[in-house]
Amino acid sequence: MIQHPIAPIFDENAELLILGSFPSVKSREVMFYYGHPQNRFWKVMAFVCQAPVPQTVKEKTNLLLEHHIALWDVIASCEITGSADSSIKNVVPNAVENVINATKVQRIFVNGKKAKALYDKYLKDKTGIEAVCLPSTSPANAAWSLERLQTEWRQLLMGA
């Protein structure tokens with residue numbers, strides 16, 4: 001079993017929560033979310049928030065908090081081969097309800113279909129919130145260009 005090593009990003013002003021599945025090998029190495037240089041998450045978030053692409057952990061954290069966005073993953077621990085979501089088994093979910101209870105989160109978005117399936121299976125009943133599935137920013141999701149991802153992810157801040 002591999003434990004999730006990265007703390008959730010949030011403060012009491014968070015209004016929406018983005019959940020991934022589980023940190024990639026690279027993210028676990030750098031001890032921060034979406035650490036693989038080919039993952040487009042931070043480019044997409046910069047576009048959505050109309051901000052420069054953050055480079056440092058501090059800049060990434062500030063970008064999220066300034067826009068009232070919380071970030072975490074569905075899984076607290078699991079068995080996984082490399083970074084492949086398809087290999088995930090023996091899932092122990094994170095206590096996402098604790099973040100929701102400590103914030104103003106009313107909306108949850110998931111980064112990709114695996115995160116959506118895991119959220120629906122393990123967390124939806126605990127949170128009572130239907131998660132909106134956005135296309136994965138992973139480099140494995142090569143069918144989606146950066147521009148298509150940016151267009152789809154814009155809904156994060158619509159109505160916020």
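Reader: How much space lies in the largest pocket?

Author: About 640 Å³ of space lies in the largest pocket. The volume is the space filled by probe spheres set on grid points, which are joined across faces, edges and corners. The model is a predicted one, in which local features need pLDDT of at least 70 and side-chain atom pairs count only at pLDDT 80 or more, while totals for chains, interfaces and linings use all residues. Residues are numbered from 1 along each chain as its sequence is written, and side-chain values use heavy atoms, with hydrogens and water left out.

Reader: What makes a set of points a pocket and not a cavity?

Author: On a 1 Å grid over the protein atoms alone, a cavity is a set of points where a 1.4 Å probe fits but cannot get out, whereas a pocket is an open set with protein on both sides within 12 Å along at least five of seven lines. Lining residues have an atom within 4 Å of a point. The largest pocket has 30 of them, and Ser-21, Asn-39, Asp-85, Ser-136 and Ser-138 lie nearest its centre.

Reader: Which classes do the residues of this lining fall into?

Author: The lining of the largest pocket has 12 nonpolar, 13 polar and 5 charged residues. Ala, Val, Leu, Ile, Met, Phe, Trp, Tyr, Cys and Pro count as nonpolar, Asp, Glu, Lys and Arg as charged, and the others, Gly among them, as polar.

Reader: Why is α2 called oblique to α3?

Author: Helix α2 (residues 41–49) and helix α3 (residues 57–66) pack at an angle of about 40°, with their axes 11 Å apart. That angle makes α2 oblique to α3, because angles under 35 degrees count as roughly parallel, over 145 as roughly antiparallel, 65 to 115 as roughly perpendicular and the rest as oblique. Axes are lines fitted to C-alpha atoms, for helices over the stretch in contact, and angles run from 0 to 180 degrees between N-to-C directions. Helices (H or I, at least four residues) are DSSP runs, numbered from the N terminus.

Reader: What is the hand of the crossing of α2 and α3?

Author: The crossing of α2 and α3 is left-handed. A crossing has this hand if the near helix is turned anticlockwise from the far one by less than a right angle, and is right-handed if clockwise.

Reader: What makes α2 oblique to α7?

Author: The axes of α2 and helix α7 (residues 146–153) cross at roughly 50° and come within 9 Å. This angle makes α2 oblique to α7. Here α2 passes α7 in a right-handed crossing.

Key. Helix = DSSP H or I, 4+ residues; strand = E, 2+ residues; numbered from the N terminus.
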